[in-house]
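Work through the following exercises with the sequence and the model beside you. Try each task on your own before you read its solution.

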Amino acid sequence: MFSLRKWLHRPKKTDTQLLAKLYYADDELNAISMELDSFDGREDPERCTILVNQLRNSQDKVLGLIENIMECAIPNDRANRDFRAKFPDDVLQDSLAGQLWFGAECLAAGSTIMQREIESAALRPLARALIGSLDSLRNMLKDQCLKNINNYSDKVKSALKHFDVISSEFELSYVSAMVPVKTALDYDTQQDVIILFCETVDRAVKEKLLTQEMIDDYDAALMFTLPRLVIVWYVSIFYIY
């Protein structure tokens, strides 16, 4: 019955609907995965590297489409990701979602993050839950595509919300285990420094030590002078109070 429905309602490759794009992107990902599973990398390392890169790219594509679907289907029910403000700048990149998927698969399969055995053991149940949720969601979205490409059922929306929450939890836990993440104290300290710089610049302009033109033009002399002004201003405040 499923095969007949698939044959009758399978979307066209030229269809621009998100579910249709996901349908074919997921098929492509499954094909690459099947080839990798049956491939002996020792016989052809170069081909193995190409397949792994194709897998990562396909994973990024599928996750990107799921992200777009969530924005369309559950725009007001997204999981909170304010914690990303604590991440180092080089962590937030377009391929982060794919890296998290790859990391979750490795952890779920029993692998351990190098020199982080305790963190890996703590993350493994969450990684398995994420992979299970993602696999179920992918199948559900493809099935929805065959039923009604223009609608998201309540069941699909519920699955999207569940995946979004687990994905958010895993992202925070995994990144925190891999790189130093700012604590609340670090974040507050950074905000204090920003405020101090702003107040110093504001006072320096009022005292005519700097001009607005120097600030607007990122004057080189200003870039070297400003930190010294901040230190002097901070010391003067500390000494007075």
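**Exercise 1. The overall fold**

In what order do the elements of the protein chain run from the N terminus on?

Solution. Before starting, note that this is a predicted model, in which local features need pLDDT of at least 70 and side-chain atom pairs count only at pLDDT 80 or more, while totals for chains, interfaces and linings use all residues. Residues are numbered from 1 along each chain as its sequence is written, and side-chain values use heavy atoms, with hydrogens and water left out.

Step 1: identify the elements, where helices (H or I, at least four residues) and strands (E, at least two) are DSSP runs, numbered from the N terminus. The protein chain has 9 helices and 0 strands.

Step 2: read them in order, which gives α-α-α-α-α-α-α-α-α from the N terminus on.

Step 3: look at the contacts, a contact being heavy atoms within 4.5 Å. Among contacts between residues at least 6 apart in sequence, 73% join residues at least 24 apart.

**Exercise 2. Helices α2 and α3**

Determine how helix α2 and helix α3 are oriented to each other.

Solution. Step 1: take the axes, which are lines fitted to C-alpha atoms, for helices over the stretch in contact, with angles that run from 0 to 180 degrees between N-to-C directions. The axes of α2 (residues 18-37) and α3 come within 9 Å and cross at roughly 155°.

Step 2: apply the classes, in which angles under 35 degrees count as roughly parallel, over 145 as roughly antiparallel, 65 to 115 as roughly perpendicular and the rest as oblique. The helix α2 is therefore roughly antiparallel to α3.

Step 3: sort the residues in this contact, counting Ala, Val, Leu, Ile, Met, Phe, Trp, Tyr, Cys and Pro as nonpolar, Asp, Glu, Lys and Arg as charged, and the others, Gly among them, as polar. The contact of α2 with α3 has 16 nonpolar, 5 polar and 6 charged residues.

**Exercise 3. Two further partners of α3**

Describe the packing of α3 against α4, and then its packing against α6.

Solution. Step 1: helix α3 and helix α4 (residues 96-108) pack at an angle of about 115°, with their axes 8 Å apart, and they are therefore roughly perpendicular to each other. On the α3 side the contact is made by Arg56, Gln59, Asp60, Val62 and Leu63, and on the α4 side by Ala97, Gly98, Gln99, Trp101, Phe102 and Glu105. Sorted by class, this contact has 5 nonpolar, 3 polar and 3 charged residues.

Step 2: helix α3 (residues 45-73) and helix α6 (residues 154-178) have axes 11 Å apart and an angle of about 120°, so they are oblique to each other. Here Leu63, Ile66, Ile69, Met70 and Ala73 of α3 meet Lys157, Leu160, Phe163 and Asp164 of α6. The classes in this contact are 7 nonpolar, no polar and 2 charged residues.

**Exercise 4. Single residues**

Are Leu19, Gln59 and Ser58 buried or exposed?

Solution. Step 1: recall that buried means under 20% relative accessible area, exposed over 50%, and partly exposed in between (1.4 Å probe, protein chains only). By this rule, buried residues make up 32% of the 241 residues in the protein chain.

Step 2: Leu19 lies in helix α2 and is buried, because its relative accessible area is 1%. Leaving aside neighbours within four places in sequence, Leu19 is in contact with residues including Ile69, Leu141 and Tyr152.

Step 3: Gln59, in helix α3, is buried with a relative accessible area of 1%. Not counting residues up to four places away in sequence, Gln59 touches Leu29, Gly98, Trp101, Phe102 and Glu105. The C-alpha atoms of Gln59 and Glu28, 31 residues apart along the chain, are separated by 9.7 Å.

Step 4: Ser58, also found in helix α3, counts as buried at 5% relative accessibility. Not counting residues up to four places away in sequence, Ser58 touches Glu28, Leu29 and Ile32.

**Exercise 5. Cysteines**

How many disulfides does the structure hold?

Solution. Step 1: a disulfide is a pair of cysteine sulfur atoms within 2.5 Å, and the structure holds 0 disulfides.

Step 2: Cys48 counts as partly exposed because its relative accessibility is 22%, and Cys106 counts as partly exposed at 28%.
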